[in-house]
Amino acid sequence: MSLMKDNVIPGNYGKVFGTNANEAGDLQAIREALLKLDGITYVAIDDNIFPKEFNIHTDKIVKIEAIEDVVKSLGFHAVPKSLFEL
């Protein structure tokens, strides 16, 4: 367990997640639900790639598990991408 692995921390880069949601309406529902989570300030969706991705920016530390739970409640998955490309 580490601070950066288990949380989204405030900063310029945010945290990228992959998702199995494909429809524009589903991606918008994910964005709206995540913005209701305390600490999340911005959600950018990249729907030009497969699988779809979204980037979350925060103004305080937010647990990745909380983000996964919000997306899971909508019937989709949110899989955090690694911190650094290998």
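Phenylalanine 17 is buried, with a relative accessible area of 0%; buried here means under 20% relative accessible area, with a 1.4 Å probe and protein chains only. This is a predicted model, in which local features need pLDDT of at least 70 and side-chain atom pairs count only at pLDDT 80 or more, while totals for chains, interfaces and linings use all residues. Residues are numbered from 1 along each chain as its sequence is written, and side-chain values use heavy atoms, with hydrogens and water left out.

Let me stay with phenylalanine 17. A search of the whole structure finds one aromatic pair, and phenylalanine 17 forms it with phenylalanine 54. Rings of Phe, Tyr and Trp (its six-membered ring) pair if their centres lie within 6.5 Å; planes under 30 degrees apart count as stacked, over 60 as edge-to-face and the rest as tilted. This pair is stacked, at 5.5 Å centre to centre and 10 degrees between the planes. Because phenylalanine 17 lies in strand β2 and phenylalanine 54 in strand β4, the pair ties together parts that are 37 residues apart in sequence. Strands (E, at least two residues) and helices (H or I, at least four) are DSSP runs, numbered from the N terminus. Phenylalanine 54 is also buried, at 1% relative accessibility.

Beyond four places in sequence, isoleucine 67 touches residues including Phe17, Leu34 and Ile56, a contact being heavy atoms within 4.5 Å.

Next, the sheet. Four strands form an open, antiparallel sheet in the order β3-β4-β2-β6; two strands pair if DSSP finds at least two bridges between them. β3 and β6 (78–80) each have a single partner strand, so one side of each is left without a neighbour in the sheet. Between β2 and β6 there are three bridges, and glycine 18 has valine 79 as its bridge partner in β6.

Finally, threonine 19. This residue of β2 (residues 15–19) is buried, with a relative accessible area of 5%. Among its contacts beyond four places in sequence are Leu27, Phe54 and His77.

Notes: Buried < 20%, exposed > 50% of the residue type's maximum accessible area, 1.4 Å probe, protein only.
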